[in-house]
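Grab a pencil and work through these exercises with the structure open beside you. Try each task before you read its solution.

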Amino acid sequence: MSQDATAAEETRPPNVVVFLVDDLGYMDIGANNENCFYETPNVDALAKSGVRFTDGYAANPVCSPTRYSLMTGKYPTRVDATNFFSGKRGGKFAPAPLNDHMPLKETTIAQAVKSKGYATFFAGKWHLGESEEYYPQNRGFDVNIGGHRIGGPYTGKRYFAPFENPQMAVESPAGDHLPDRLARDTAKFIADNKDQPFFAYLSFYSVHTPLMGRPDLVEKYKAKAASIAGEEFGDEEQIFGDKPRRVRVLQKHAVYAAMVEAMDEAVGKVLQQLKTSGVEDNTIVIFTSDNGGLSTSEGSPTSNLPLRGGKGWVYEGGIREPWIIRYPGITTAGSVCDEPICSIDLFPTVAAAAGVLVQHPIDGRDLLPVLKGGSLDRTALFWHYPHYSNQGGIPAGAIREGDWKLIERYEDGSVQLYNLREDVGEQNDIASRHPERVQEMRERLHAWYKTVDAKFLQKKPGSPEPWRP
């Protein structure tokens, strides 16, 4: 290699691969759960090669808002993208107004790195707008495989080909499995672009409903589940309807397990391509999810215990996510970090690594200090969910400061306070014991509402006025 070529290689910015899994809970990978029913050897190996975050979050307990935050580095409340697109379920009150697309004025992380000469690629679930002008190929991605308006693989034979996905120009052979197809396309992009900086965003449709697994893996986990005894469901608070709501408390759902393992195999295929293409040592790899595991509805396939609740709830089970980052030359293999981070932090972290100067306001922070073993100068993280979730979740906001988390319910303005270090399961509300802390945290949460122009529940005809902060 010539001196010029060597110098170019040394100054080339890092490639970036992002794995975003749909509905994967914090406790759904072995790296976070030594008793995990599901087998995730590739994700676990990734954790051992980088830094694993114990307190990583999604910006919202459902998908589209978190996807907006990952793309823009902003809290989704800033544009009223506060529920999945387009979820408008009501309850005692009508939900807050919902903007059901990522505005075209937003700068996406793909557009940001593309300005630095990156080849950009998207595969999988998008769910950030109803029509083609909002799709990945018009938001900074050179290639889009499968990303469009809907939030699940609901066309064709769903998780098995023919997929009949309008954004898949080439159909798979009959019976092809969707996570493997998306991984193959991602691997091909890496192989084709190994000689230039690239940004690959593999956004799995897995492990979202419909619950469908590869038959060989389903049989494997049926056999494994046969030896697991105990109560599978427990009680959870009811917010609408007249039937008791149950939450899964034991992992043993064979089909869901098959879906998790197939996702893990797909991750492994992409990671292997980084090695094969000789770019592993200059590629940042990020792994996370868009919201907590589905535990209270739609089959309730997973348990998030000891975390409370799941998808659709602002309890930890709905917003605490797997977060793994491997940044060659920066992260220490096998390290574990308890610094609270959030999906708003992806944009500034990737932008900084790519040499992009971010000149517009964002909410996230570059995680480089944390990846080096330090901390962030951030006092709080915030959540705002003014909706009745499909999973029974309660319209609420939340603020986390250090070990403390305050939840404010929007129907009546009642609050709960938890110390997460002592009570990660949010079982012991200690608001009455700490009135000054409650007042201080509520004031900061309310100030944030104003900063992001938060909207709240609305009155129904003939109903009382809902609470307002």
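Predicted model: local features only at pLDDT ≥ 70, side-chain atom pairs only at ≥ 80, totals over all residues.

**Exercise 1. Which strands pair with β2 in the parallel sense, and which in the antiparallel sense?**

Step 1. Recall the background: strands of a sheet pair through backbone hydrogen bonds, either parallel or antiparallel.

Step 2. Take the antiparallel case. β2 pairs this way with β9, over 5 bridges. Tyr-57 has Arg-320 as its bridge partner in β9.

Step 3. Now the parallel cases. Strand β10 (residues 335-337) pairs with β2 over 3 bridges, and Arg-52 stands opposite Val-336 of β10. Strand β11 (residues 341-342) pairs with β2 over 2 bridges. Tyr-57 turns up again here, with Cys-342 as its partner in β11.

Step 4. Finish with burial. 7 of the 7 residues of β2 (residues 51-57) are buried, so β2 is largely enclosed by the rest of the structure.

**Exercise 2. Are helices α2 and α7 roughly parallel, roughly perpendicular or oblique to each other?**

Step 1. Get the geometry. The axes of α2 (residues 41-49) and α7 (residues 254-276) come within 7 Å and cross at roughly 50 degrees.

Step 2. Compare with the cut-offs. Under 35 degrees would count as roughly parallel, and 65 to 115 as roughly perpendicular. The α2 and α7 pair is therefore oblique.

Step 3. See who's touching. From α2 come Pro-41, Asn-42, Val-43 and Leu-46; they meet Met-263, Asp-264, Glu-265, Val-267, Gly-268 and Leu-271 of α7. Sorted by class, this contact has 6 nonpolar, 2 polar and 2 charged residues.

**Exercise 3. In what order do the 4 strands of the open sheet come, and which are its edge strands?**

Step 1. Read off the order: β12-β13-β14-β15, with antiparallel pairing.

Step 2. Spot the edges. β12 (381-385) and β15 (415-419) each pair on one side only, which is what makes them the edge strands. From one strand to the next, the twist averages 10 degrees.

Step 3. Pick one pair. β14 (residues 404-409) and β15 share 5 bridges, and Glu-408 stands opposite Val-415 of β15.

Step 4. Find the helix packed on the sheet. That's α11 (residues 435-451), which touches β12, β13 (396-401), β14 and β15. The direction of α11 makes about 65 degrees with that of β14.

**Exercise 4. How many residues of helix α9 are buried, and what follows the helix?**

Step 1. Count them: 8 of the 9 residues of α9 (residues 346-354) are buried, so the helix is largely enclosed by the rest of the structure. Among them are Leu-346, Phe-347 and Val-350.

Step 2. Step past the end. Gly-355 follows α9, and its phi is positive, near 80 degrees.

Notes
Residues numbered from 1 in each chain as written. Heavy atoms only, no water. Axes fitted to C-alpha atoms, helices over the stretch in contact; angles between N-to-C directions. Parallel < 35°, antiparallel > 145°, perpendicular 65-115°, else oblique. Contact = heavy atoms within 4.5 Å. Nonpolar A, V, L, I, M, F, W, Y, C, P; charged D, E, K, R; others polar. Buried < 20%, exposed > 50% of the residue type's maximum accessible area, 1.4 Å probe, protein only. Pairing = 2+ DSSP bridges.
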